[in-house]
Amino acid sequence: MPATDSESRIPSRRRVLALGAVTAGAVVSIRPALAQTVGSVMNCEIPIPDPGRAGRYIASDGSVVPARTKGAFPPSPRAFKGEEVKRTLANGSNLPGTDSDRSRAYVKYIRRLQRGQGGFTCFASLQMPRG
């Protein structure tokens with residue numbers, strides 16, 4: 001007796017088990033990839049200022065100004081890791097090696113980053129919720 005349309009659309013037990021095995025394999029392979037992504041986000045770097053404006057100073061409002069502008073801060077001697085920036089944004093601590101005024105100016109600079117600037121992708125990644 002031939003199968004009716006509704007019977008042919010119901011997957012067999014074997015088919016369901018096979019799909020479950022494939023899905024479980026996908027979950028197992030996705031989790032390490034997500035962990036690696038989180039790790040790379042925490043190790044990404046944000047230079048202050050970005051390489052295109054190297055040598056310029058950072059004003060207290062986070063804008064980039066000519067070198068030696070009165071009241072502005074020299075560029076950071078090193079880029080900050082995503083983990084350092086995330087911690088500073090979360091709890092208001094200072095970026096490593098900075099005092100509170102310089103850290104505040106650097107954080108304002110980071111918040112003003114736009115697409116195409118060095119460090120933007122890292123900062124944008126820090127803003128994405130992790131599930």
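Helices (H or I, at least four residues) and strands (E, at least two) are DSSP runs, numbered from the N terminus. Pro 77, for instance, lies in the loop between strand 3 and strand 4. The model is predicted, with local features needing pLDDT of at least 70 and side-chain atom pairs counting only at pLDDT 80 or more, while totals for chains, interfaces and linings use all residues. Residues are numbered from 1 along each chain as its sequence is written, and side-chain values use heavy atoms, with hydrogens and water left out.

The protein chain has five helices and four strands. Read from the N terminus, the order of these elements is α-α-β-β-β-β-α-α-α. Of the 131 residues, 27% count as buried, where buried means under 20% relative accessible area, exposed over 50%, and partly exposed in between (1.4 Å probe, protein chains only). Contact means heavy atoms within 4.5 Å. Among contacts between residues at least 6 apart in sequence, 57% join residues at least 24 apart.

Next come the loops. The one between strand 1 (45-46) and strand 2 (57-58) holds Pro 49, and a cis peptide bond with omega of about -10 degrees joins Ile 48 to Pro 49. The loop between strand 3 (64-65) and strand 4 (80-81) contains Arg 68. Arg 68 is not a glycine, yet its phi is positive, about 65 degrees. Its relative accessibility is 70%, so Arg 68 counts as exposed.

Ser 76 is also placed in the loop between strand 3 and strand 4. With 13% relative accessibility, Ser 76 counts as buried. Leaving aside neighbours within four places in sequence, Ser 76 is in contact with Ile 48 and Tyr 106. Pro 77, by contrast, counts as exposed because its relative accessibility is 80%. Pro 77 and Gly 97 are 20 residues apart in sequence, and their C-alpha atoms are 9.6 Å apart in space.

Helix 4 (residues 100-111) has twelve residues and reaches 16 Å from its first C-alpha to its last, close to the 16 Å expected at 1.5 Å a residue. The expected span is 1.5 Å times one less than the number of residues. Buried residues in helix 4 are Ser 103, Ala 105, Tyr 106, Val 107, Tyr 109 and Ile 110. Their cover includes strand 1, strand 2, strand 3, strand 4, helix 3 and helix 5.

Two packed helices are described by the angle between their axes and the distance between the axes. Axes are lines fitted to C-alpha atoms, for helices over the stretch in contact, and angles run from 0 to 180 degrees between N-to-C directions. Angles under 35 degrees count as roughly parallel, over 145 as roughly antiparallel, 65 to 115 as roughly perpendicular and the rest as oblique.

The axes of helix 3 and helix 4 come within 12 Å and cross at roughly 105 degrees. Helix 3 is therefore roughly perpendicular to helix 4. Here Val 85, Thr 88 and Leu 89 of helix 3 meet Ser 103, Val 107, Ile 110 and Arg 111 of helix 4.

Helix 3 (residues 82-91) also packs with helix 5 (residues 120-127), at an angle of about 50 degrees and with the axes 10 Å apart. These two helices are therefore oblique to each other. On the helix 3 side, Gly 82, Val 85, Lys 86 and Leu 89 meet Cys 122, Phe 123, Leu 126 and Gln 127 of helix 5.
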